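Hello,

Here is the structure I promised to pass on to you. My notes on it follow below.

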Amino acid sequence: MASYFIRRLLLVIPTFLGITLVVFTITRLVPGGPIERIISEAQQMSATEGDSAGTSQSAANDAPLSPEQIEMLKEFYGFDKPIFISYIEWLGKVLTLDLGTSTRYYDPVWDIIKDKLPVSAYYGVVTTILTYLICIPLGVLKAIKHKSFIDSTSSIVVLIGYALPGFIVAIILFVWPAAQWDWFPLGGFISEEFEDFTAAEQIWDVIHHSILPLIAYMIGGFATMTFLMKNTLMDHLASDYIRTAIAKGLSFRSAVFKHAFRNSLIPLATHFGNNISLFLAGSFLIEKVFNIDGLGLLGFESLVERDYPIVLGVLVITSILGLLGNILSDFCVALVDPRVKFD
Amino acid sequence: MISKIFARFWLIITLFCFGTLGHATDKLPENLQWQTNDTAPIFASPDAKKGGTYRTYLSAFPLTLRTVGPDSNSSFRGAINGNQLSLISLHPNTEELIPELATHWAFGEDKKTMYFKLDKRARWSDGKPVTANDFLYTLEFMRSQHIVAPWYNNYYTEKLDKVVKYDDHTLAIVATKADPDLFLIVNITPTPRHFYGELNKDFVKRYNWSIVPNTGPYQIDKIKKGKSITFKRKKKWWAKDLKYFQGRFNVDRVIYTVIRDQTTVFEYFKKKRLDDFIVTFPNYWHEKAKSIEIYDKGYIKKHWFYTDSRESPAGFWLNLDKDLFKDPNVRYAFAHAIHMDKLLNGLLRGDYSRLENHNTGYGEYTNPNIRARRFDIKKVEELMTASRWKRGTDGIWEKGNLRYSVKVTYSFDGHTPRLVLLKEEAKKAGVDLQLQRLDGSAAFKLILEKKHDAAWMGWSTSFRPRYWQSYHSDNAHKAQTNNITNTDDPAMDKMIRAYRDSIDPQVRIRLAHQIQEKIQEIGAFVPTYKVGYFRTAYWRWWQFPKVAATKNSGGLFEPFGTSLFWLDPAIKKETEQAMKTGKHFKPETIIDTTFKPK
Amino acid sequence: MTTMKLAPLTLKKIKRFRSIKRGYYSLLIFCFMLLITIFAELWINNRALLVYYEGHVYFPTYGAMTPGNTFGLEYDYETNYRDLQKKIELEEGNNFLVMPLVPYNAFEMDLRDTEFPPFSPSWKDKHYLGTDAIGRDMVARLVYGFRVCITFSLFLLVITFAIGIALGCLMGYWGGKFDLFFQRLIEIWSSIPFLYIIMIIASIVVPNLTILVLVSVLFGWMGLTWYMRTATYKEKARDYVMAAKALGASNNRIIFYHILPNTISLIVTFVPFSVAGGISGLTALDYLGFGLPPPTPSWGELLQQGTTNLQAIWIISSTVTALVVVMVSITFIGEAVREGFDPKLHSTFE
């Protein structure tokens, strides 16, 4: 099994190279990067002030910046080399844990990402925990009370949640509970006056801010997890070993919780790795609706502003998390179910 | 390549050094007529009280505190530059010259040199005196490749010839050529050499967040990265008793907080966490600020202030290189198919007004006889039929394989409703507008490459009208120039050349009028609207002089500009008490038309 | 021929699907909505359904525009039928015209002299759900927007399924290096943030329906391909395929007669979810401003308008309601299709 995981880990490398190379190439090919921004800034400025600039015809007739100046800019931003070579250079830096410098903030990319990580991690971890805390009992209940009133009504509710994309749920929660009824703050992670609060108020403030986003985050994964729990538990309950156990005099209760329950957790475990990486990366749509300053919003905004070092930095973090998440899932399965052998 | 640039760079530096050395022995010309100005009217209120905090917002945290170099062109640069005085300035209402860092000035006979005597009291915020050396350094600084600001490199090389120092407080600034408005070019700001020293390749990174010594009324006090920036008033500011600075710069602190979302800004204002809220947009003034509790109870005031400033030439810019627009009749028809009346009165509630001319608000330089073409389907039909076009089955004009379908390139999302309305109306006149919204840089790139049919945009304004960049044939038919209509007209070229070469104001005014007529005749620019006012809602404890702002001002609360507000602590206390007890005041809306053009 | 052979089994599946009431009624509702949007011109339009004027009958709904001077109006652009109706009523002649239920189209702005949009719902003005922020009828925007949405989703569906089935089937059947290559490609491809790419593209060119569909296909074919590969792989290992092979059946025959019919019945269960995915994808793009250019009617744009114009609560409420109804009914259909076509009949513990 160890060899299996080693092979999986090794396969991460080409995949990671592939992802970053594709995105790196795209960011190089599209217009609107820092150099074009400076050129167009210069253009706009000369439109207002530079009319009579240049006594000599030649200087004034050209574009606002000379080719030499543009070359200098390219060198300044590292755009002066062919794509592949600069990709290798970028990759070399990444390997030494240097994600480069933002082309807009001129701060190290890692520092900027580091600032946002706690927020994303908070939502990621809390969402994952809450999802399991709610889905497992609900799934068990639904399995035991199959076809009862509780089962069918909760199915409808869960399915409706599943039907709606997370950002639509976020919008609904933003419009009514937050904006119209004023029950929750309009967005953000903490209040402005956070620093003046007492500890208890601070805790409440964070909770108060995070209730709505958490619902929006959770609601999609809810259905899958709940039904998975329910269905596997029901399969197990119907299987021979449980029948035997009960025939031998074990109570239904202990049959469910001592035997069937544990075995039913296996498929849930396979989702664990995916969930955690997904939530850590955040959904920028939900972050945008609630104005949460997390990793997702950072990626989105730097993309809009063409700050490619940050875009690539966020991509590195999320894709590594994603790839490792997959492996983690397999590992969880192996942990829960000793019979599983990978080859 | 690189070495070539380097060679060039060193050449500039050496020339420059020689220049200064050479002139160090220069004598000041003797027959100079020194001028100053202590007779212009004051515009601030002598009753203004000092103290208090003014809280406003930024929609994004600035990317840098540098005022040159990459990403320095943000709105926040205004706040930093506002605290950096220049040699002289223009009186905001009368536009006469008034002293700033210089107490006296004189014009040289060559019409390209201006002499200045510095105020000996002038100090940097770190206490060092401001001397002629700091102006010499400005030139060196702005010409340096290390600041990664090619536009400034060019500007300070092509426009300014040199700075000559006579003694620590006397200097001359020489432009490269004579100019009728010379003071606009030579009126530079000092740069603290003692702070920067020798520049090197690290400049952009090293000074990204540094607080540079300044000469103005405030200095940055606290920075919370990504969240807020606080300016603090200098208690012992060297210029606080100068005539034109009295009664201004009244608050002790100015706090900028980052609020990304416009809806949240309004919520913050209502919760008293911001001092003012700009309601210039028609839907804000009429919907949002209409019946809110704090207004009905009189806790906030609403202020509508008309200005008389130079208006941005905003509208449709038709690309004359497109087959469709080769025929002037078709261009005129385009203007007649744009239903500005319906836009202004139907959607914009009659708040904005029609822009008539390429240069509006330039005083004598504006040709008052030019009137923009109005929406008129009959005229469209006459013009199009005269050029032998016919309406197709969908009502859109056709001729051979041409169809009157125009792609309109624009970038600001908020303008979509306006264009959608114009599109629906133009359809009635047989003109099909296809809206093409691109993000700012992509739109600008496409337009500068002259690949657009029609561009919906406005240029920023300048002190005097300028035409060479936008209308001279030198800049037509090629990428990366500002002649986005591809205007290529020999008569126009001649007038522009004459306008640029003349330094006689009367000749220039006459030529400007003729050029504006020519622009109208060519019909490639379809002017749309101008705003012509600003509107603000603010808490009632903010006080203003009788005329609350100046002729050219951009708002009531421009803490480092010509704004005149101050805080009255007694009224603040009274209001806050009233809010607790539920007491009301009379709701107040002020409409000030002092400067509204007739 | 295959379908003939499968007929009884398929019938059984359809019967099972129909027995799931929630899904069945959702399907009916969904089909009703489809009909409404397909024939939207007949009941939401600014053109009259029928005009009787001076002895002539006109049906202006479809086809080229009829200029105003046809009806004695003094202009030769498209007739404003609402005005024509008022004119005809005033004249008291034999002329008459019939307007659709909602006499507005999705583009025209209903602007007035004294009031300014958005207008709240009003039966009198026949804006049954009010207007959006610039005075366009909400019903019209919603219904025509649904048409755009569903067209997008259907195109996306057909192309992704074509690619997914073909490629997935080949990967599963051939296996080996071909399979490995595409496995890696899929893994890399699915880690590329699709929205990033589409945003970059949307900022360079104005996307139209074709571009959006193509880009969505480019980043949306992996899921189905992967599933199809696994299904083919399993099917290939089964005895009857072995038997067919042993009997000397050609690859083509095995794929088209044995593997495809059996796997496609599984793939069908993905159809509703894929449609739902298409709708939410396009809505998200439009919401962010990277979707179809204005003035295309779009739900995402309405969401955007609704969240910025909270005082006009009818914009956001009707859009959200429409979205919830559509998405929930599709999900219910999907759930029922899955139960009907891919039954995992859970034995229950008694």
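In helix 18 of chain B, the buried residues are B:Arg508, B:Leu511, B:Ala512, B:Ile515, B:Gln516, B:Ile519 and B:Gln520; buried here stands for 20 or more other C-beta atoms within 10 Å of a residue's own, with C-beta atoms placed from the backbone. They pack against helix 16 (468-471), helix 17 (490-501) and strand 21 (525-527) of chain B. Helices (H or I, at least four residues) and strands (E, at least two) are DSSP runs, numbered from the N terminus. Helix 18 covers residues 505-522, and just after this helix B:Gly523 takes a positive phi of about 75°.

This is a predicted model, where local features need pLDDT of at least 70 and side-chain atom pairs count only at pLDDT 80 or more, while totals for chains, interfaces and linings use all residues. Residues are numbered from 1 along each chain as its sequence is written, and chains are lettered from A and ligands numbered from 1 in the order in which they are written.

Also in chain B, strand 8 (residues 218-224) and strand 9 (residues 228-233) pair in the antiparallel sense over six bridges; pairing needs at least two DSSP bridges between two strands. B:Ile223 has B:Ile229 as its bridge partner in strand 9. In the hairpin of these strands, with three residues between them, B:Gly226 takes a positive phi near 85°. Strand 9 also pairs with strand 10 (residues 253-258), antiparallel over five bridges, and B:Lys232 stands opposite B:Arg253 there.

Best wishes

Key. Expected span 1.5 Å × (residues − 1). Buried ≥ 20, exposed ≤ 12 C-beta atoms within 10 Å, placed from the backbone. Contact = placed C-beta atoms within 7 Å.
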